[in-house]
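Please consult the sequence and structure shown here alongside the text.

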Amino acid sequence: MNIHAPTLPTTSATIHPLWLRVTHWTNALAVVLMILSGWRIYNASPIFPFSFPKEWTLGGWLGGALQWHFAAMWLLAINGVIYLALNLLSGRARRKFFPLRPKEVFHDFVQALKGKLQHASLDHYNAVQKLAYLSVIADLLLIVVSGLAIWKSVQLPLLRDLMGGYDSARIVHFFAMSFLVLFIVVHVAMVALVPRTLLAMLRGR
């Protein structure tokens with residue numbers, strides 16, 4: 001008579017591959033540096049009748065803030081290209097973010113408001129998550145484009161005009177940054193509610 005040994009639990013499957021975790025945390029660092037230095041640049045010539053507290057800014061002075069901002073900009077751009085390329089080439093973008101149906105977004109959004117949105121599987125994004133991640137990717141692209149229209153306004157007149165002019169480009173850049181900050185706040189809050197998501201992004205499992 002053959003006696004089969006009990007099956008031992010296998011190692012958890014990889015949820016986030018190494019390349020995704022590296023690009024995610026690199027992107028997070030670049031975004032934080034850009035926001036904090038960007039606030040210091042904004043304070044040098046405010047668009048609206050308020051300024052950011054100096055303690056929340058990076059660079060100390062306008063020249064220093066610009067250096068931080070441009071360094072983080074290149075890090076964000078290069079890392080972003082790598083992230084998008086690997087997502088597309090590996091097929092992850094199609095698997096994770098599509099299909100995205102308005103009816104599912106509405107349903108999951110209502111469930112989230114009721115506190116009933118499930119997070120049973122970290123390997124699957126609900127419709128609200130899909131929309132949020134796709135929206136922030138589009139927002140980051142808008143930040144880069146509007147930033148170029150501000151930085152190279154003379155060299156890129158078509159891009160500047162597409163933004164509605166230099167001053168309009170600054171406003172677009174500001175609101176794109178504001179959306180990004182809102183996403184970060186909500187994202188961190190969700191991580192706090194479901195700590196497993198942080199562990200998965202650190203360990204991959």
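## Contact of H1 with H7

In this structure, His24, Val31, Ile35, Trp39 and Tyr42 of H1 meet Phe174, Met177, Leu180, Val181, Ile184 and His187 of H7; contact means heavy atoms within 4.5 Å. By class, this contact of H1 with H7 comprises nine nonpolar, two polar and no charged residues. Ala, Val, Leu, Ile, Met, Phe, Trp, Tyr, Cys and Pro count as nonpolar, Asp, Glu, Lys and Arg as charged, and the others, Gly among them, as polar.

The model is predicted: local features need pLDDT of at least 70 and side-chain atom pairs count only at pLDDT 80 or more, whereas totals for chains, interfaces and linings use all residues. Residues are numbered from 1 along each chain as its sequence is written, and side-chain values use heavy atoms, with hydrogens and water left out. Helices (H or I, at least four residues) are DSSP runs numbered from the N terminus.

## Helix geometry

The axes of H1 and H7 come within 11 Å and cross at roughly 130°. Axes are lines fitted to C-alpha atoms, for helices over the stretch in contact, and angles run from 0 to 180 degrees between N-to-C directions. H1 and H7 are therefore oblique to each other; angles under 35 degrees count as roughly parallel, over 145 as roughly antiparallel, 65 to 115 as roughly perpendicular and the rest as oblique.

H1 and H2 pack at an angle of about 150°, with their axes 8 Å apart, which makes H1 roughly antiparallel to H2. The contact of H1 with H2 has 20 nonpolar, nine polar and one charged residues.

H1 also packs with helix H8 (residues 196–203), at an angle of about 110° and with the axes 8 Å apart. H1 and H8 are therefore roughly perpendicular to each other. Arg21, His24 and Trp25 of H1 make this contact with Leu198, Ala200, Met201, Leu202 and Arg203 of H8.

## Nonpolar cores

The largest nonpolar core has 19 residues, and those with the most contacts inside it include Val31, Ile35, Met177 and Leu180. Such a core is a set of buried Ala, Val, Leu, Ile, Met, Phe, Trp, Tyr and Cys residues joined through side-chain atoms within 4.5 Å, where buried means under 20% relative accessible area (1.4 Å probe, protein chains only). H1 (18–44), H2 (62–90), H5 (127–151) and H7 (166–193) each supply at least two residues of this core, and H1 gives the largest share, seven residues.

A second, separate core of five residues includes Leu20, Tyr83, Ala93 and Tyr125.

Definitions and conventions: Buried means under 20% relative accessible area, exposed over 50%, partly exposed in between (1.4 Å probe, protein chains only).
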